[in-house]
Amino acid sequence: MIIKNVTVIDGTGGAGLPAMDVRIADGRFEDIRPSGADTARAPGGDDGEVVLDGRGGYLLPGLWESHTHLMGFAMHVPQAERLPYLQGVLTDYLHSGITSVCDLGGSVTQGRTVREAGRAGGTAASLFFAGPVFTSVGGWPLSFHGERSMAVGVGDVDEAHRQVEKLLDQVDFVKCVFDGKPRGGERVALAVLEAIIQVAHGAGKKVLVHVATGTDLREAVAAGADCIEHSFIPEDPADASEAEQIASLLAETGTLYCPTLVTWEQLGRSGDAAYLDELVADGISSAEDAAAIAARPFWGMPFPHHPIDESQTRFDYAMRTLPLFHEAGVKLVAGSDIATGVPSPGSALLRELQLFAKAGLPLSEIITTATGRAAERIGKRDVMGTVTVGAVADALLLDADPLADISHLIDPRRRAVISSGRLI
């Protein structure tokens, strides 16, 4: 495939490069150069090559959903129907422009089965997964899910070594819950978290750590966490100094940060009809979507472990302080976690990007959070997440400049989605 005379936004945070020709071969970006370059190897549309006219268009990496729970979404589906259901979800992601999905807690067997089916079909987003999350013996994810395929309780360092080593060759990265929230059950011991990270790093695997409080976050960073999952509960919602201190820490250590703003927005406004109207006005939902969401049995119901008022506090504080993290140089990553108040899992990620824009992040940074940096977060930056020579050819071809308006990035209308070099 050749895309001619297109503006390339490569996912590294730089400005767009106008009038470029991009050649894709064997599922990867093979050549990227100025259109009409005087060279014998300039892309020219040989027999058998698909040629796309990119004039007036913008080519950028396919988006990444960095934090979701596919296996959790499927828990309400009968076992015999889960595989086709999850295949459908991954196909929907792809048609939303999301070419890669990271599942942060679920059955290894099911994750592997879904991934293999997606690869065989060739029309689903790429799936990367953590398998079961690590927590304490009394940790809330274990009691919430009630099965070891979703969460594993670890009581001491020796058990941490055994459990992590047993899992490492089956997963793409490791997820640990380090939640010191009051009434949340026993938090995994700090020494256990350090052991989990040490063993995973020894095998070249990244460790993503779910936190609740600022104390959780600081200790997880000291233990060597590669990415912090979720914005934290502020000690004083009126005081931004805690955010400033944490932003400085994350920037200094190079720890990535996935705040999942849309998680707290959905939980904090569950049951709020005005919220559904706002999503319609913002182009995330249609009026028909809003009616369907309002009819969901769990809409307006409290979510275990995350009360509505606390979730609203986390959302408001994170939105107000997010620019501090960007200004400090923190590596932000886009992820959505849940899709209780939006039409689909794919739309949850698009809402997260929209919230980043509402918080005041530059559009070039927003694109990076969902492309190159998302791939970096799980150790895939060298081969995925950018429009660079040698990278997997996952891309979006848009009609309007995503560096000019966030709506151009999240609008479902686009010229093309390309997945591993295939035109979708």
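Here is a chat about how the descriptions of this predicted model follow from its values.

User: Before we start, what is the ground rule for pLDDT here?

Analyst: This is a predicted model, so local features need pLDDT of at least 70 and side-chain atom pairs count only at pLDDT 80 or more, while totals for chains, interfaces and linings use all residues. Residues are numbered from 1 along each chain as its sequence is written, and side-chain values use heavy atoms, with hydrogens and water left out.

User: How many helices and strands does the chain have?

Analyst: There are 16 helices and 17 strands in the chain.

User: Which share of the chain's contacts joins residues 24 or more positions apart?

Analyst: Among contacts with a separation of 6 or more, that share is 72%. A contact here means heavy atoms within 4.5 Å.

User: Why is Leu409 called buried?

Analyst: Buried means under 20% relative accessible area, exposed means over 50%, and partly exposed is in between (1.4 Å probe, protein chains only). Leu409 has a relative accessible area of 1%, so it counts as buried. You'll find Leu409 in helix 16 (residues 407–410). Leaving aside residues up to four places away in sequence, Leu409 touches Leu60, Leu63, Leu353, Ile367, Leu398, Pro402 and Arg414. Across the whole chain, 56% of the 424 residues count as buried.

User: And Leu168, is that one buried or exposed?

Analyst: Buried, because its relative accessibility is 8%. Leu168 sits in the loop between helix 5 (157–167) and strand 11 (174–178). Not counting residues up to four places away in sequence, Leu168 touches Val174, Val199, Ala200, Ala203 and Lys205. From C-alpha to C-alpha, Leu168 and Ala130 are 9.2 Å apart in space and 38 residues apart in sequence.

User: How do you know that Glu229 and Arg377 meet in a salt bridge?

Analyst: A salt bridge needs a side-chain nitrogen of Lys or Arg within 4 Å of a carboxyl oxygen of Asp or Glu. For Glu229 and Arg377 the N to O distance is 2.9 Å, and the pair is a salt bridge. Glu229 lies in strand 13 (residues 227–229) and Arg377 in helix 15 (residues 372–377), so the pair ties together parts that are 148 residues apart in sequence. Glu229 is buried at a relative accessible area of 0%, and Arg377 is buried as well, at 2%.

User: What makes Arg351 and Glu278 another salt bridge?

Analyst: Their side chains meet at 3.1 Å, N to O. This pair links distant parts of the chain, with Arg351 in helix 13 (residues 345–359) and Glu278 in helix 10 (residues 273–281), 73 residues apart. Arg351 counts as buried at 0% relative accessibility, whereas Glu278 is partly exposed at 27%.

User: Which residues are linked with them in a network of salt bridges?

Analyst: The network links Glu265, Arg269, Asp272, Glu278, Asp282, Arg351 and Lys358. The side chains of Asp282 and Lys358 meet in a salt bridge at 3.3 Å, N to O. Asp282 is in the loop between helix 10 and helix 11 (287–294) and Lys358 in helix 13, 76 residues apart. Asp282 is partly exposed, with a relative accessible area of 23%, and Lys358 is partly exposed with 46%.

User: What do the buried residues of helix 7 pack against?

Analyst: They pack against strand 11, helix 6 (190–202), strand 12 (207–211), strand 13, helix 8 (241–253) and strand 14 (256–258). Those buried residues of helix 7 (residues 214–223) are Gly214, Asp216, Leu217, Ala220, Val221 and Ala223. Just after helix 7, Gly224 takes a positive phi of about 110°.

Methods
Helix = DSSP H or I, 4+ residues; strand = E, 2+ residues; numbered from the N terminus.
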